[in-house]
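This briefing goes through the ligand sites, the cavities and a set of individual residues. The notes are grouped by topic.

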Amino acid sequence: MKYDTVVIGAGLGGLMAALSAAERGKKTLVVSRGMGIITIFSGTIDILGYYPVQDTAPLSSPREGVERLISEDPKHPYARVGVEALEKGMSFFQEAVAREGVTYVGNLDRNFLVPTAVGTIKPTAFLSKRMEAGDVREESDVLIAGFRGLKDFYPAYMAHNISTSTVPGVSIPHFRGRVLDVDIGADGSGMSALTLARKMEEDAMIQAIGRALFCQVRDGERIALPAVLGIRGGDEVFRRLEDMAGTRIFETPTLPPSVTGYRLYRALESRVRASGIRLLIGYDVHDPEIRGGRVAAVNISMGKKTKRIEGDTFVLATGGLVGRGIITDRKSTLEPIFGLPVSGPSRRNEWFAERFFDPSGHPINKIGLEVDDRLRPTGDGKKHVYENLFACGAELAGYAALREKSGGGVTIASGFKAGRLAGEL
Amino acid sequence: MTVKTDIRYPTDQCIKCTICVEHCPVVKVTEKFLGPKQVGPDFQRFRSEGDEPHDASVEYCTGCRICDIVCPSGVNISELNTRAKIALRAARGIPVRDRLLSHAYMFGDLASFAAPAANAFLKLRPFRWMSDKILHLEKDVKYPSYSKQPFEKWIRESYHFESDKKVAYFFGCFTNNNDPSLGRAVVRVLERNGYQAVFPKQDCCGLPLLGNGDVRGARKLAKKNLEGLLRAADDGLDIIYSSTSCGMMIRDDYETYLDLPEAAALFDRMKEVSEFLWGLYEAGELDTDFEPVDLSIPYHVPCHLRSLGIGLPALDLLGLIPELHVEELETYCCGLAGTYGFKSEKYDISLAIGRELERELGRFDGPYALSDCEACRMQIENLSSKKGLHPIFILQRAYGLDAAEEEPDTASEQR
Ligand SMILES: Cc1cc2nc3c(=O)[nH]c(=O)nc-3n(C[C@H](O)[C@H](O)[C@H](O)COP(=O)(O)OP(=O)(O)OC[C@H]3O[C@@H](n4cnc5c(N)ncnc54)[C@H](O)[C@@H]3O)c2cc1C
Ligand code: SF4
Ligand code: SF4
Ligand code: SF4
């Protein structure tokens with residue numbers, strides 16, 4: 001089988017790359033061992049939360065932070081991608097998911113500050129419209145409402161941790177936690193957020209919760225609910241509850257598996273299918289065939305079954321250590337498909353900083369592939385290894401996604417750009 | 001049965017990401033099932049070989065294998081579950097109801113002698129009552145109906161094509177008893193491309209038995225089938241199948257679960273019918289003289305096709321037909337899952353899983369929906385007013401082969 005563009009990996013990076021290649025009219029395949037981090041993550045898209053990384057105050061403008069970072073840290077992926085691709089990539093992403101009923105709000109000029117389910121305060125630039133009312137810089141107090149029997153969301157715990165959090169220059173309003181008097185039908189083992197989100201589409205459930213919220217909420221309070229207000233995109237459940245409660249509501253992503261990540265994944269998957277992209281999940285990619293400095297084909301396997309796939313261009317979107325796009329053994333770290341050398345600490349004893357909570361983060365987290373300005377892996381040297389192989393997402397070297405809060409931004413921007421370059425070749 | 005000692009190994013690869021839980025169709029609709037991560041890699045660490053599983057909730061696993069596909073770490077979760085189910089059944093015995101369901105193939109042989117009587121019997125009130133009260137079979141589900149002329153009879157009486165180019169065809173018991181028009185469509189499409197089908201001696205593949213934990217019974221059937229299939233492979237023939245579940249059972253499960261290492265020799269020979277035809281296309285040997293088919297038609301990919309690792313060959317193939325628009329649905333499991341949906345304690349779960357398919361089907365106006373699996377086609381007909389078609393029927397039509405005379409048999413019937 002032959003495709004114009006073959007994308008390896010079905011995480012946020014791979015799906016973005018595929019959509020942008022297909023937009024250029026390319027016959028595109030996404031092939032992946034499993035699903036990516038995006039299906040379970042909180043669903044906020046972080047652009048840059050802290051810069052320099054050891055700062056304790058969140059950045060107010062991600063754009064200014066990224067511009068400074070590009071001039072000061074030329075090894076950072078943002079320096080390869082550029083602000084323009086970041087901006088275009090984010091609009092491309094917003095349009096894609098909006099077409100499937102999932103609305104993302106935000107821009108590069110401000111960070112939201114939203115509470116998490118464990119009660120920390122997180123800076124992020126883009127989020128689902130249903131999280132928007134959660135910004136802690138708003139003055140009104142917050143009722144955190146939870147459900148008896150729901151796993152992974154505990155209002156009192158969240159409220160307590162928020163009350164002990166500080167953000168320089170911000171006075172955080174009062175949060176109080178309550179468990180609603182609603183029977184969600186959980187049995188002894190507890191209900192997952194996904195199951196509740198599905199039940200939420202029943203009329204009786206919405207009625208019962210709406211009434212309970214109305215009874216609990218005090219004048220002037222907003223309401224935080226776990227992110228379970230419907231499994232799919234579309235705002236009906238959300239709007240009805242706001243109407244019944246008589247105040248603004250925001251969703252807080254639960255611990256994985258999280259409904260917000262699932263919604264986002266499903267929206268992108270629908271877009272991928274609607275764009276005529278073939279999606280094959282469950283296949284290990286291995287043993288590429290190289291001809292004249294180009295990748296000519298890869299082999300894909302499920303169990304003992306192997307197929308050969310030819311392509312004009314290839315995008316490597318296999319994630320970092322978590323997605324096993326990079327593997328380590330006692331002696332080395334390696335990108336396993338093409339055997340590309342990985343930049344970062346080579347010896348194990350250099351992986352971690354001495355202090356666990358070192359504000360600069362651990363060197364291991366910056367491990368990855370170095371690329372040129374066209375996002376082609378450069379291996380050890382300055383020149384690209386293969387003319388038609390591009391890389392994106394968590395696979396890239398030189399940034400600490402979770403520490404500096406830049407994962408979603410780097411992944412979307414590099415995915416978008418890699419797909420576009422692959423689609424133009 | 002010997003348990004491969006390395007099967008526990010990948011449980012250490014589980015990074016507890018919960019991606020499998022998120023995509024498991026059963027978890028989505030019921031809390032009775034603790035989910036793939038917990039009953040799979042989590043519990044596996046506390047099982048020693050052949051031990052009774054800790055939690056009988058593993059019974060609720062449909063065996064759809066979606067968890068295996070989505071897991072980013074390559075953990076073989078469904079295999080752990082299947083082994084746990086087998087251990088559970090070994091410890092507690094197999095209920096009469098499950099034995100009855102999984103022996104439908106025997107019933108099928110009988111029934112085809114007297115198809116109208118069998119169909120009437122399945123619809124009869126006393127049977128309904130008995131099945132509900134005593135056997136806990138679901139009374140609202142549609143049962144497959146039996147055809148008057150089994151495929152094997154048609155082959156004997158009406159199939160005369162001969163050619164030097166030959167393939168072996170494992171058609172399976174459902175095609176034989178319930179949907180022989182599928183078998184006829186397959187051989188006609190092969191004939192159009194110059195291939196004669198030969199038919200190794202065959203019985204039910206054994207999947208329903210394995211699915212209900214009866215390893216011994218499944219193994220007996222497997223051995224019968226292997227005789228003819230191995231001979232065909234020895235003769236250098238490709239072995240094609242038109243039921244993805246039969247194919248998976250023979251190609252993969254005989255070796256994995258039934259302790260039949262000789263089945264490995266079939267692996268490279270076994271080809272799903274569209275996979276085979278696409279292979280001809282890639283070799284430049286497929287007759288591509290297709291008439292346009294002006295249809296817009298939804299396609300539900302069976303989970304067992306997804307887990308065969310052969311891509312989506314029917315989509316590739318149908319892409320060659322002018323004017324045809326086939327849309328892959330975003331559904332991962334129809335919910336029927338072999339005999340699962342026929343059991344009353346699971347019927348609601350099965351229907352709830354099916355809601356997604358139902359909603360997706362609702363987006364299309366036409367009278368047809370495609371799927372390569374007979375159970376999926378039955379579920380399509382359970383859930384909608386659409387007729388479920390195997391993709392090969394579209395090909396048959398595009399070739400202009402007997403379309404008027406050969407309406408596909410009804411896969412199922414309302415009581
Ligand atoms: C737990 C966690 C939570 C995060 N939460 C957030 C957040 O809330 N907001 C935010 O902005 N960022 C977040 N990030 C950071 C960042 O957004 C993610 O890392 C990003 O989604 C990475 O996407 P990716 O596509 O590059 O990689 P992944 O999502 O890891 O996808 C890689 C894909 O490649 C496949 N693959 C790997 N090897 C092979 C192979 N050999 N053959 C075939 N397929 C292969 C994998 O199966 C997987 O599907 C989070 C990161 C982690 C780890
Ligand atoms: S998807 Fe795989 S790695 Fe993740 S929890 Fe399930 S078994 Fe473990
Ligand atoms: S095989 Fe299917 S039903 Fe069973 S655990 Fe896996 S995803 Fe769930
Ligand atoms: S009938 Fe089809 S979709 Fe349903 S479980 Fe079986 S293979 Fe999967």
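**Ligands, cavities and selected residues**

Ligand 1 lies between chains A and B. The model is a predicted one.

**Ligand 1: surroundings and contacts**

- The shell around ligand 1 is made up of 33 residues, and G34(A), I37(A), S42(A), T44(A) and A394(A) are the closest of them.
- Sorted by class, this shell has 13 nonpolar, 15 polar and five charged residues.
- A polar backbone atom of R33(A) is 2.9 Å from a nitrogen atom of ligand 1.
- For V285(A), a polar backbone atom is likewise 2.9 Å from a nitrogen atom of ligand 1.
- At A394(A), the ligand atom is an oxygen, which is 2.8 Å from a polar backbone atom of that residue.
- On its own, ligand 1 has 990 Å² of accessible area, and the protein covers 90% of this.
- Two or more residues of the shell come from each of these elements of chain A: β1 (2–10), α1 (12–23), β2 (28–35), β12 (284–291) and α11 (407–424).
- With four residues, β2(A) gives the most to the shell around ligand 1.

**Cavities**

- The lining of the largest cavity comprises two nonpolar, six polar and four charged residues.

**Buried residues of chain B**

- P313(B) sits in helix α17 of chain B, which spans residues 313–318.
- P313(B) counts as buried because its relative accessibility is 4%.
- Along the chain, P313(B) and E272(B) are 41 residues apart, and their C-alpha atoms are separated by 8.6 Å.
- G213(B) belongs to the loop between α12 (207–211) and α13 (215–234) of chain B.
- The relative accessibility of G213(B) is 10%, so this residue counts as buried.
- Between the C-alpha atoms of G213(B) and M270(B) the separation is 25 Å, and these two residues are 57 residues apart along the chain.
- E328(B) has its place in strand β6 (residues 325–328) of chain B.
- A relative accessibility of 11% is why E328(B) counts as buried.
- The side chain of E328(B) is joined to the side chain of R273(A) by a polar contact of 3.1 Å.

**Backbone geometry**

- The peptide bond that runs from Y51(A) to P52(A) is cis, and its omega is near -10°.
- P52(A) is located in the loop between β2 and α2 (62–72) of chain A.
- K16(B) is not a glycine, although its phi is positive, at about 60°.
- The segment before α1 (19–23) of chain B holds K16(B).
- K16(B) counts as partly exposed because its relative accessibility is 34%.
- R65(B), also a residue other than glycine, has a positive phi near 70°.
- The position of R65(B) is in the loop between α2 (36–44) and α3 (66–70) of chain B.
- The relative accessible area of R65(B) is 13%, so R65(B) is buried.

Technical notes. Residues numbered from 1 in each chain as written. Chains lettered and ligands numbered in written order. Predicted model: local features only at pLDDT ≥ 70, side-chain atom pairs only at ≥ 80, totals over all residues. Heavy atoms only, no water. Near = heavy atom within 4 Å. Polar contact = N/O pair within 3.5 Å; in protein donor to acceptor, adjacent residues only side chain to side chain. Areas by Shrake-Rupley, 256 points an atom, 1.4 Å probe, with all protein chains shown as cover. Nonpolar A, V, L, I, M, F, W, Y, C, P; charged D, E, K, R; others polar. Buried < 20%, exposed > 50% of the residue type's maximum accessible area, 1.4 Å probe, protein only.
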